[in-house]
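User: I've got a model open and I'd like to learn how to read it. Could you walk me through it, one feature at a time?

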Amino acid sequence: MENRQRVHEPFVFFALFFALTAGFGYAAVLVIAPALGYSAGPWWLATVQAHGYAQLFGWAGLFVLGVGLFFIPRLRGTVLARPELASGALACFILGIGLRVLLQPAVAILAGPAVSGSAWASVARLGIVVSALLQVAGTLLVIVMLTATFRRAPPLGTQAPLRPVRGLLALGLISLAVSGLLNLLLAIDLVARSGYTYLYAWDDALTHLMIMGFIVPISLALSVRNLPLFMRLAFPPRRELGPLLAVLVLGLIARLIGGIEQTFFPLPAFAWQLTGLGQVLEGSALLAFIWMIDIPLRRKHPWTESRIPTPPDVAAARKPTRKNYPDYGEYGRFELLIISAYLWLAFAAIIAVLNGGAEIVSASVIFDPDVERHALTVGYITLLILGMAVRMLPGFSGKQKVASTRLVLATFCLGNLAAFLRVAPLLKPDLPLSSAGLASSGVIGWLAVAALAVNLWRTFRPPQARKARPASPSST
Ligand code: HEM
């Protein structure tokens, strides 16, 4: 297969690598340490930011970029231009993420109580700036590849598959580029302050921009194009996607500006209201989107019903597919992962609307903001990746099925359990089992991703690498 046809594979490999190390690995430490009585000192605070970075730029970011580099050109009716740049972009991302996740906790440990103290800590801080520069360089290479691809593509027809989702994709790419620049400015500021964490208000803006500006819009775009095919749903009405995107963007901007209130606005009440308005807009746009994509309710007729019916004799000769799905079960129960991902998205959106409403009315929140963040990141993003990976990636690489359907079911159970244990204890922290549940969520999330990694490895390994089964005595 050509280089450009397998461009996604190394991106997915390193997405899994970062998830299983600094992503869910650090996550497990972050929740186990307080349960064992270790106090959340500088190392904990620095590791939180390193974990967020590994998960957003590494796990979700590299997965979304890998799939995007394969899929977006095809939506535009062509293949990726300048694919030789993909390995350079990936090398920048790997080094950039690697440096950041190692150096930020190291700065906090090396600096010790006299935060600006050690010379090694200063060197490590400079390494964080280099990491941010590499992130910007990798993003630039991705933009060069996509721009070259779009330039040589045929004119965009009115029925082109890219048309309904181009706004979501544009929002995703702009947010990725802005996140890279903001990350660089925050890294420079870290050096200037001799600190070990990014400034909190700006760090929140960075993580929110990555989640709601980059990962969620691209995931929605991939869902609009693929889920009607994979799950026999109706295609969402094209015209309604535009207004929804506008509401999402307005919400995102209001929330980002409101969140940086201390820097921009001397009047805190106004800042609360702006953040609250942003949350209500974002949450409402997401709920409307879920309604339109029709998961899990399946209110509308599937798109296949409008096709010319297959002649009865041809239909009778075909092997019947699974009820309501176009496959024969060769990807396992992937739909359970997708449906649960969209239920978690609906939950996160409702929390955003309720918290937003409370912020507007009383300048306070009802739920810990971490409920929304981890319902989105573990519940929606991670479960969607787990489901899309087994349904899409085998086909991208010329395989017809996933190696183990049982492992797909295992990722569904473990992924949902991890999301539940990460989020539910925040709603009732004083229940006896809450702290044990929270402490176990990181390890369970790690196991869910490990199950996917094993399944993909078994799916993609070359046939000669598979062990020949010893023939049973009766089979000679
Ligand atoms: C079950 C798995 C996970 C556990 C146990 C976990 C744990 C944590 C903890 C303890 C924090 C600090 C919260 C606080 O400050 O109160 C945190 C922050 C964060 N987590 Fe997770 N997490 C998990 C999964 C994820 C995933 C999958 C993502 C993204 C895809 C993610 C993204 C973030 C982000 C962006 C932050 C904020 C980082 C910052 O402040 O810069 N987490 N996580």
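This is a predicted model: local features need pLDDT of at least 70, side-chain atom pairs count only at pLDDT 80 or more; totals for chains, interfaces and linings use all residues.

User: Good. Which residues coordinate the iron atom of the ligand?

Analyst: To read a metal site, look for the protein atoms that reach the metal. Here H51 and H374 each coordinate the iron atom of the ligand through NE2, at 2.1 Å.

User: And what geometry does the site of the iron atom have?

Analyst: The general idea is to compare the angles with ideal ones: 90 or 180 degrees for six octahedral donors. In this model the six donor atoms make angles of 88 to 179°, and the site is octahedral. The histidine pair also links distant parts of the chain. H51 belongs to helix α2 (residues 42-75), while H374 belongs to helix α12 (residues 369-396), and the two are 323 residues apart.

User: Are H51 and H374 buried or exposed?

Analyst: For that you check the relative accessible area, where under 20% means buried. H51 has 12%, so it is buried. H374 has 11%, so it is buried as well.

User: Which residues come nearest to the ligand?

Analyst: Think of the residues around a ligand as a shell. This shell has 22 residues, and H51, Q55, D203, H374 and R422 come nearest. Some polar atoms pair up too. D203 puts a polar side-chain atom 2.5 Å from an oxygen atom of the ligand. H51 has a side-chain N or O atom 2.9 Å from a nitrogen atom of the ligand, and a polar side-chain atom of H374 is 2.9 Å from a ligand nitrogen.

User: Which elements give two or more residues to the shell around the ligand?

Analyst: They are α1 (8-35), α2, α6 (200-231), α12 and α14 (434-460). Helix α2 gives the largest share, seven residues. Sorted by class, the shell holds eight nonpolar, 10 polar and four charged residues.

User: Why does the ligand lie between domain 1 and domain 2?

Analyst: Check which domains supply the shell. Both domain 1 (1-153 + 165-219) and domain 2 (235-299 + 327-459) give residues to it, so the ligand lies between them.

User: Now some single residues. What joins the side chains of S223 and Y342?

Analyst: When you meet a polar side chain inside a protein, look for its partner. S223 is in helix α6, and its relative accessibility is 0%, so it counts as buried. A polar contact of 2.6 Å joins its side chain to that of Y342.

User: What about R76: where is it, and what does its side chain reach?

Analyst: R76 sits in the loop between α2 and α3 (85-111). With a relative accessible area of 13%, R76 is buried. Its side chain reaches the backbone oxygen of P154 at 2.7 Å. F150, in helix α4, is 74 residues from R76 along the chain, yet their C-alpha atoms are separated by 7.3 Å. F150 itself is partly exposed, at 34% relative accessible area.

User: Are L185 and W120 buried or exposed?

Analyst: Here the cut-off that counts is over 50% for exposed. L185, in helix α5 (residues 166-193), has 57% and is exposed. W120, in helix α4 (residues 119-152), has 63%, so it counts as exposed.

User: Last one: which values of phi do S194 and A363 have?

Analyst: In S194 phi is near 50°, a positive value in a residue other than glycine. A363 also has phi near 50°, again positive and not in a glycine. S194 lies in the loop between α5 and α6, and A363 in the loop between α11 (334-362) and α12. S194 is partly exposed at 23% relative accessibility, and A363 is partly exposed at 34%.

Methods. Residues are numbered from 1 along each chain as its sequence is written. Side-chain values use heavy atoms; hydrogens and water are left out. Donors are N, O and S atoms within 2.8 Å of the metal (3.2 Å for Na, K and Ca); water is not among the atoms, so sites may look incomplete. Four donors count as tetrahedral if all angles lie between 85 and 135 degrees; four count as square planar and six as octahedral if opposite donors are over 155 degrees apart and all others between 65 and 115; anything else is irregular. Helices (H or I, at least four residues) and strands (E, at least two) are DSSP runs, numbered from the N terminus. Buried means under 20% relative accessible area, exposed over 50%, partly exposed in between (1.4 Å probe, protein chains only). A residue is near a molecule or strand if one of its heavy atoms lies within 4 Å of it. A polar contact is a pair of N or O atoms within 3.5 Å; within protein, one must be able to donate a hydrogen and the other to accept it, and residues adjacent in sequence count only if both atoms are side-chain atoms. Ala, Val, Leu, Ile, Met, Phe, Trp, Tyr, Cys and Pro count as nonpolar, Asp, Glu, Lys and Arg as charged, and the others, Gly among them, as polar. Domain bounds come from an automatic or database domain assignment.
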